[in-house]
Amino acid sequence: MAAKSARKSAPAKSKSATPRKPRRKKAEPKSRGLSAAEVASEAVAFPDTLLQAVREDGGQVLSVYRDPLGGHPVVFAVLPIDKVEPTPYQRDLSEPHVKRLATAMERLDRFLDPVIAVRMNGRYWTPNGNHRLNASKLLGAKSIVALLLPDEDVAYQILALNTEKAHNLKERSLEVIRMARGLVGANRQGKESAFSHLFEEPSFLTLGAAYEKRPRFSAGAYHPFVKVVDGFQDVPLAQALAVRDAQAEQLLELDDAVVAVVNALKERGLQSPYLKNFVVARLNFLRFRKDGPPPTFETTVRRMLTSALRFNVDKVRREDIGRMGGGPMEPDEEQA
């Protein structure tokens, strides 16, 4: 009995070997940035060329100030609404959200949340105001108020500030792969790994490429293992995109095999919103991996594909799926 008791009292092993990030220390109060007077001070070289361009474009400069954190110049301007457009890589527009927003704005009879914008070839890209922009257009607005930033590169970085908004996996992945393609289209040089601060996670690039090919792709089932075996490519960005497209094709091939297993389980009368997650979890041999570097993406997907093609649905019990459970699914996912 003593031995049995000792075994019970032994500490449980951690389920995750991923080290926790160090806790961020709170900064000393008022230790960084500018005072109110410094923000409003004109003792700084403001972007006169940009100010003139705004006026030539039919807009008006309302004010110029320095942002209170880094002291960077910001132009508070009102722009002709027909010259403002979303960046080509951000989340897809939600028409219901636009209509709800337009209704709220019309009821209040005010537009109180300026968009952020950068000037690109005589147009104004807004990397975080697409729904506000379209709601204003729906209401027939002539102009829109914007915080105009002189640095064009901010258009590629501003999405990092949108972390408080509920991007689901599909939206985030599509944003990232579109951003990568936009950087290549703008002839930006450098390896993919050099842009890791913009892309956040390498798996978003692969999953985004898969979503481009298959909009109803259920990435949530694959994300847990993809983020383990995927990594930023140490090759030029254009070359890395070819790798992402190839990885997406491999992932979709695996998805086809998984869908076939899911359909076979349904034919046996097994029903669950988590059938695909259940099958992928069964195929995911990485859950048995001990310490050491993970296998390559291609090796992992190929091994899982082989297992999917050999999957014996007759051995699956209803209670096995019942124990699967799981968190909430992505709203756009289709459990085939």
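R302 counts as partly exposed at 36% relative accessibility, where partly exposed sits between buried (under 20% relative accessible area) and exposed (over 50%), using a 1.4 Å probe and protein chains only. Please keep in mind that this is a predicted model, with local features needing pLDDT of at least 70, side-chain atom pairs counting only at pLDDT 80 or more, and totals for chains, interfaces and linings using all residues. Residues are numbered from 1 along each chain as its sequence is written, and side-chain values use heavy atoms, leaving out hydrogens and water.

R302 forms a salt bridge with E253, the closest N and O atoms being 3.2 Å apart; a salt bridge here is a side-chain nitrogen of Lys or Arg within 4 Å of a carboxyl oxygen of Asp or Glu. E253 lies in helix α11 and R302 in helix α13 (residues 297-309), so this pair ties together parts 49 residues apart in sequence. Helices are DSSP runs of H or I with at least four residues, strands are runs of E with at least two, and both are numbered from the N terminus. E253 is partly exposed too, with a relative accessible area of 34%.

## Other pairs

In E249 and K213, the closest N and O atoms of the salt bridge are 3.4 Å apart. E249 belongs to helix α11 (residues 237-267) and K213 to helix α9, 36 residues apart.

R172 and E200 meet at 3.0 Å, N to O. R172 sits in helix α7 (residues 169-185), while E200 is in the loop between α8 (196-199) and α9 (202-213). R172 is buried, at 10% relative accessible area.
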